[in-house]
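Subject: Handover of a structure and the findings from it

Dear colleague,

Please find the structure below, together with its sequence. I would ask you to keep both open while you read the notes that follow.

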Amino acid sequence: MSDVKQLPTRDEVDEALTWDLTQIFKSDADWKAAYQKIEQDLEQRDTYQGHLGESADQLLAGTTYLLDIWHQLENVDVYASLKQEQDTGDQDAQGLAAQANDLVARAGSALAWFNPEVLSIPEETLQSWLKEATLAPYAHYFADLDRAREHTLSADKEGLLAGASDIFGASAKTFGVLDNADLEFPVVKDEAGNDVRLTQGVYGVLLQSTDRSVRAAAFKQLYKVYLQFQNTFASTLSSNVKGHNFDASVHHYPTARAAALASNNVPESVYDTLVTEVNSHLDLLHRYVSLRKRILGVDHLHTYDLYTPITGESPLSYTYPEAQQTALKALSVMGDDYVSHVQEAFDNRWVDVVETKGKRSGAFSSGVYDTNPYILLNWQDNLEELFTLVHEMGHSIHSYYTRHNQPFQYGDYSIFVAEIASTTNENTLTQYLLDNTDDPKVKAFVLNHYLDGFKGTVFRQTQFAEFEHWIHQEDAAGHPLTAQHMADYYGKLNQTYYGDDLTPDPEIAYEWARIPHFYYNYYVFQYATGFAAASTLSHNITSQKPGALEHYLNFLKAGSSAYPLDVMKTAGVDMTKPDYLQDAFAVFEQRLNEFEALLK
Ligand SMILES: [Zn+2]
């Protein structure tokens, strides 16, 4: 970059705009003492190992011991990692983080006997013990663990597989190295006519350019490289799929998808319902694509025309204090208690606001059971940052409610529900902004922001999910996943999603070659289910549907005390049924209508 911004160092920032990590440990010396205490506790494991199956009391003692170590370890780990994230150049913090990582790994292997030993207790014995009052608070914890019983092989076989895990992960690793390090992309022109070397990051920026020749060149030049290496990418992807299918079959799962979804106890029908519903609402995406074509005024709409903004520059800008006030007002529909914790986040230094030298980029919500649910931001005065603030606040208030209402063993929540709390807040902010402006420019911009988010999260991730499932099925059926075979399918799938108004660029059939998420093992569908559930929840809350808010708060308080789908039912969304998706599409359609009317 040509003009390097001079960022402040941490000590130049107003303390009120930094997070307060002394609420975890007063000093590094206190951290060190906690660290040593865990090391000592780990030495006591012989007292419990090999004795879990002797009696309900022994099982309780071993479980309490195990959870207590993880509980202590969380604090040590999060303190070190947040210190490192706030200034990645801080050598002392790097040292702490490395030590914490080492201790987590050591504890993991020192305590690895626990789950297999529980599973070696005969099922009837375990069930009868769990009825005792002392073990009852752990009943769901053990039920969850017990689901692995029929999918766990003998210790020697599991040992062999564990020993080969690096080999199974090799193709995903090769993809990463090739994609991030070894591939060299050509030089293209940016909007100012300067030569810039394409990278994944630069590509994302150039694709949004309002200069069509800039985004067209970026698209064509980037894909030239992926096409050149198409057979290598087909090989890494196909080997990764083979690994999933092999692992599922040796562990007695009917499909790789069943194996992957089992970790959250989600039935495959949830996935199929998503795909079916999205396919039956593709006419909405086609309408949005044709609207885009009309506004851009192009004869042929190409893939590289899909990301450029169609409502121009953002008419909205917020300083951080303004954003805090807007967030409080937008989230007021969540009730006084919810808002009081948002205020607490601002007043009690949960948020690290300012972009400083060496600070990790982007934004996240973190923290553990005993700590504040901290938020890292790199504040810029724009609408996107306001959305980021309410998104991360959604995670943090979810964490806060869970940790204050559940015991440690249920004090976290699964990835399947995590993005629901954050995107419910985003949807709620969208509604607030739409309700509180008469300026058609602002309205159009906010609607476009929402429609693009829905397109990218619900439609696009479901397209990915469909492709991901197809490659696993093809491999299981013995059909070789060659580059050509995958491109044939992907090209058609892409056309089905975007419709006839999108001109089929031959390059896009190879998009699968550059998507890291296809190596994540049935991960992407959760983006789509989560966004749709959030849209429905937010709509019910903002339209003050009776009981909606109470149900939602109960969901935020549930943590992992029940399986994700059951937790979602307490929120009022049954994700085994298509209704929540249909409700989300109804909101999309209504906002698309509004957007079309505004642009006329
Ligand atoms: Zn998030």
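Which residues does UniProt list for "domain: Peptidase M3A/M3B catalytic"? The unreviewed UniProt entry lists residues 205–586 under that name. UniProt positions are given in the numbering used here, feature names are shortened, and annotations may be inferred rather than shown by experiment.

Please note that this is a predicted model, in which local features need pLDDT of at least 70 and side-chain atom pairs count only at pLDDT 80 or more, while totals for chains, interfaces and linings use all residues. Residues are numbered from 1 along each chain as its sequence is written, and side-chain values use heavy atoms, with hydrogens and water left out.

**The chain as a whole**

The secondary structure comes to 25 helices and five strands. Helices (H or I, at least four residues) and strands (E, at least two) are DSSP runs, numbered from the N terminus. The C-alpha trace spans about 75 × 60 × 55 Å along its principal axes. A compact globule of 600 residues would have a radius of gyration near 25 Å, and the value of 25 Å for the chain agrees with this. That radius is taken over C-alpha atoms, and the globule rule is 2.2 Å times the number of residues to the power 0.38.

Of the 600 residues, 52% are buried. Buried means under 20% relative accessible area, exposed means over 50%, and partly exposed lies in between (1.4 Å probe, protein chains only). Among the contacts with a separation of 6 or more, 75% join residues 24 or more positions apart; a contact means heavy atoms within 4.5 Å.

Over residues 117–185 the chain is 65% helix and 0% strand, with the end C-alpha atoms 51 Å apart.

H391 is buried, with a relative accessible area of 13%, whereas E419 is partly exposed at 28%.

Three strands form an open sheet in the order 3-5-4, with mixed pairing. Its edge strands are strand 3 (351–352) and strand 4 (364–365), each of which pairs on one side only. Two strands pair if DSSP finds at least two bridges between them. Strand 3 and strand 5 (residues 375–376) pair in the parallel sense over two bridges, and D352 has L376 in strand 5 as its bridge partner.

F364 is located in strand 4 and is buried, with a relative accessible area of 14%. Leaving aside residues up to four places away in sequence, F364 touches W19, L82, E85, Y374, I375, L376 and E392.

**Further residues**

H244 lies in helix 12 (residues 230–250) and is buried at 14% relative accessible area. Beyond residues up to four places away in sequence, H244 touches A256, H472 and N521.

N265 lies in the loop between helix 13 (256–262) and helix 14 (268–280). Its phi is near 55 degrees, a positive value in a residue other than glycine. R349, in the loop between helix 17 (336–347) and strand 3, is not a glycine either and has a positive phi of about 55 degrees.

Yours sincerely
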